[in-house]
Amino acid sequence: MEPKWLEWAKQLQSIAQAGLTFSKDVYDLERFELIRTISVEMLSHQTGMDKEKIKDLFANEPGYATPKVDVRAVVFQDNKLLMVRENTDGDWALPGGWADIGLTPSEVAVKEVKEESGFDVKVVKLLGVLDKKCYPHPPSLYHVYKIFIQCEITGGQPMEGIETNAVAFFSENELPTLSTARNTKSQIEWVFKSLNNLQEPVYLD
């Protein structure tokens with residue numbers, strides 16, 4: 001789904017990052033640094049963003065390049081889906097965010113629901129692990145795996161969070177404007193299929 005120039009730039013960045021991590025030869029290190037610079041220039045040319053800003057966001061990590069992990073909680077009540085309105089774009093998303101170091105995916109899901117919606121939940125089932133590039137999200141500098149975890153409300157009450165300004169439940173035919181950087185219409189349609197179907201196998205990719 002993502003444009004080829006973005007795919008190429010991310011691949012170049014990944015090659016450069018691995019090369020800078022594992023190479024010992026000074027000339028190879030110089031070449032890998034050049035590859036990283038080219039990837040930054042490609043992004044800057046295509047997006048109009050400042051090169052230094054891109055470098056800080058896109059080419060700032062050492063070590064072998066790996067995907068980032070985004071955890072999304074799927075919570076139903078009376079056949080309606082819990083969603084929160086994001087401060088950043090004013091649109092709606094499943095509670096969730098980047099995985100935290102030191103927490104399991106389940107712990108991240110529980111924490112994010114509490115922080116963004118006010119509800120206490122327990123984890124019921126892993127629904128799927130999706131690759132962001134396979135869905136119509138806006139272009140992203142990072143390669144992202146999205147983990148969807150179904151949860152059940154055990155307590156709490158609706159409450160806005162630091163990053164959210166509204167909490168509500170929606171039926172499948174009354175969905176709000178979605179924050180497509182976080183979840184797409186096809187993903188929301190897919191999670192509705194999981195409602196009352198705990199025997200559905202985990203979805204991959």
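**Pockets and a surface patch in a predicted model**

Hi everyone, let's start at Ala65, which sits in the loop between α3 (51-58) and β1. Helices (H or I, at least four residues) and strands (E, at least two) are DSSP runs, numbered from the N terminus. Ala65 is partly exposed because its relative accessible area is 22%; the scale calls a residue buried under 20%, exposed over 50% and partly exposed in between, with a 1.4 Å probe and protein chains only.

A quick word on the source. This is a predicted model, where local features need pLDDT of at least 70 and side-chain atom pairs count only at pLDDT 80 or more, while totals for chains, interfaces and linings use all residues. Residues are numbered from 1 along each chain as its sequence is written, and side-chain values use heavy atoms, with hydrogens and water left out.

Now the overall picture. The protein has 5 helices and 8 strands, in the order α-α-α-β-β-β-β-α-β-β-β-α-β from the N terminus. Its C-alpha atoms fill a box of roughly 60 × 30 × 30 Å along the principal axes, and 38% of the 205 residues count as buried.

On to the pockets. A pocket here is an open set of points on a 1 Å grid over the protein atoms alone, where a 1.4 Å probe fits, with protein on both sides within 12 Å along at least five of seven lines; lining residues have an atom within 4 Å of a point.

Which residues lie nearest the centre of the largest pocket? They are Asp70, Arg72, Gly97, Trp98 and Arg182, out of 25 lining residues. The space in this pocket is about 680 Å³, a volume being what probe spheres set on the points fill. β1 (68-77), β4 (96-98), α4 (105-117) and β6 (144-156) each give the lining at least two residues. By type, the lining has 9 nonpolar, 5 polar and 11 charged residues.

The second largest pocket holds about 450 Å³. Ala65 returns here: with Lys10, Ser14, Tyr142 and His143, Ala65 lies nearest the centre, among 17 lining residues. Helix α1 (residues 4-22) supplies the largest share of that lining, 6 residues.

Last stop, the surface. Leu126, Val202 and Leu204 form a nonpolar patch there, with about 260 Å² of accessible area together. Leu126 belongs to strand β5 (residues 119-131), and counts as partly exposed because its relative accessibility is 37%. Patch members have over 30% relative accessible area and no salt bridge, and nonpolar side chains are joined within 5 Å; a salt bridge is a Lys or Arg side-chain nitrogen within 4 Å of an Asp or Glu carboxyl oxygen.

Terms used
Patch = residues over 30% accessible without salt bridge, like charges linked within 9 Å, V, L, I, M, F, W, Y side chains within 5 Å. Areas by Shrake-Rupley, 256 points an atom, 1.4 Å probe, with all protein chains shown as cover. Nonpolar A, V, L, I, M, F, W, Y, C, P; charged D, E, K, R; others polar.
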